[in-house]
Amino acid sequence: MDFKKLLGYEGKNVVITGSASGMSKSATEMLIASGANVYAIDKNDIDLPVTKSFKADLSDKNEIDEVIKELPDKIDALFLCHGIAGFPGRELLVQKVNFLSQKYMTEKLLDRISKHGSVTFISSVGGFGWEQVYEKCVELINLPTWEDAINWYENHPDDIKSSYVFAKQCLESYVTYKCMAPEFINKRIRINAINPGDTTTGLTDDFNKSTSPTGDAKEGEEMINNIFLKSWNGYAANPKDMGYPLVLIGSDIFSYMSGQLIYIDYGLTSNWKSGALLNKQNKSIEEISKDNN
Ligand SMILES: NC(=O)c1ccc[n+]([C@@H]2O[C@H](COP(=O)([O-])OP(=O)(O)OC[C@H]3O[C@@H](n4cnc5c(N)ncnc54)[C@H](O)[C@@H]3O)[C@@H](O)[C@H]2O)c1
């Protein structure tokens, strides 16, 4: 069996964001090795032999529009992977980077995505419980323009207070809501997301600092360990643990899978769900993980 042929990326046009670092960098390396023409975008320099790289701040609609002009007319797979941690005071920026830019790019590029193409996001276990805010997310998803969304955010400060969490919940809602929407299903465009657990990447330090109420990285690291690792005596993943499955999900190997949120967390969230189903209904992630430790 020819593994490259099974993946189906040879000679195909693939667009991927966030390639300068972490999970997306691993995914980009695999896409190059699988023979794809890779168009990679990041706000930082990308030191990989891609077909073409673009430096752009994807929180800025004008910069996105400029890059989109340069992307190929036919795209076979789109991977949206860029992301930042949520610090107090930058709730709007987090919504723009972690959700709005991803929705905007998807919808702007949809006409160019080929029949049986794929769109794959990196969301997070941080979006766990997205079902509880689904209606709110759908309200936002249905707003047609970037400006409408910004307006919505400005009028819903309480909804975006959870910052990173809400942005990821929107992404997960988007996959669920859109998989059978005519603009996707009529062209058989698959849409999925991976939900990674704790992974050591360029974001680790920011996650540590933003998790601690005082911004102390050591304290934040301990809190993250308590929530994500302690209950299973676990360890953080490395970028390949996420980047490689991401590439598979966008490939022909997963040709019949759409609308899925794939948790890659060694079972942690299934364990949370089990606890919630048995006797811990309506508890937060922190409360469930405390009970499990
Ligand atoms: N690291 C974790 O523990 C973890 C867990 C769950 C989900 N995630 C998600 O994984 C994705 C990848 O992050 P990572 O952990 O590999 O971190 P990373 O920092 O190593 O990679 C993120 C990349 O996104 C780019 N980026 C950020 N903001 C951008 C912007 N405005 N415009 C263009 N590029 C921008 C960065 O330059 C960087 O190259 C993110 O969406 C993150 O939320 C990470």
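Mentor: A residue counts as buried if 20 or more other C-beta atoms lie within 10 Å of its own, as exposed if 12 or fewer do, and as partly exposed in between, with the C-beta atoms placed from the backbone. Keep in mind that this is a predicted model, in which local features need pLDDT of at least 70 and side-chain atom pairs count only at pLDDT 80 or more, whereas totals for chains, interfaces and linings use all residues. Residues are numbered from 1 along each chain as its sequence is written.

Trainee: Is Met30 buried or exposed, then?
Mentor: Met30 is buried, because it has 21 C-beta neighbours inside 10 Å. Met30 lies in helix α2, where a helix is a DSSP run of H or I with at least four residues, a strand is a run of E with at least two, and both are numbered from the N terminus.

Trainee: Which residues does Met30 contact, leaving aside its neighbours within four places in sequence?
Mentor: Two residues are in contact if their C-beta atoms, placed from the backbone, lie within 7 Å. With those sequence neighbours left aside, Met30 is in contact with Gly243, Tyr244 and Val247. The C-alpha atoms of Met30 and Lys240 are separated by 9.3 Å, although the two residues are 210 residues apart along the chain.

Trainee: And what should I make of Ile32?
Mentor: Ile32 also lies in helix α2, but it is partly exposed, because 19 other C-beta atoms lie within 10 Å. Not counting residues up to four places away in sequence, Ile32 touches Val38, Leu48, Pro49 and Val50.

Trainee: At what angle do the axes of helix α4 and helix α6 cross?
Mentor: Axes are lines fitted to C-alpha atoms, for helices over the stretch in contact, and angles run from 0 to 180 degrees between N-to-C directions. The axes of helix α4 (residues 91-109) and helix α6 (residues 146-155) come within 11 Å and cross at roughly 150°. That makes α4 roughly antiparallel to α6, since angles over 145 degrees count as roughly antiparallel, under 35 as roughly parallel, 65 to 115 as roughly perpendicular and the rest as oblique. The contact is made by Leu92, Gln95, Leu100 and Tyr104 of α4 together with Trp146, Ala149 and Tyr153 of α6. By class, this contact has six nonpolar residues, one polar and no charged ones; Ala, Val, Leu, Ile, Met, Phe, Trp, Tyr, Cys and Pro count as nonpolar, Asp, Glu, Lys and Arg as charged, and the others, Gly among them, as polar.

Trainee: How many residues surround the ligand?
Mentor: A residue is near a molecule if its C-beta atom, placed from the backbone, lies within 6 Å of it. Here 27 residues surround the ligand, and the closest are Ser21, Gly22, Gly83, Thr201 and Gly202. Helix α2 (residues 22-33) gives the most to this shell, with three residues. By class, the shell has 11 nonpolar, 12 polar and four charged residues.
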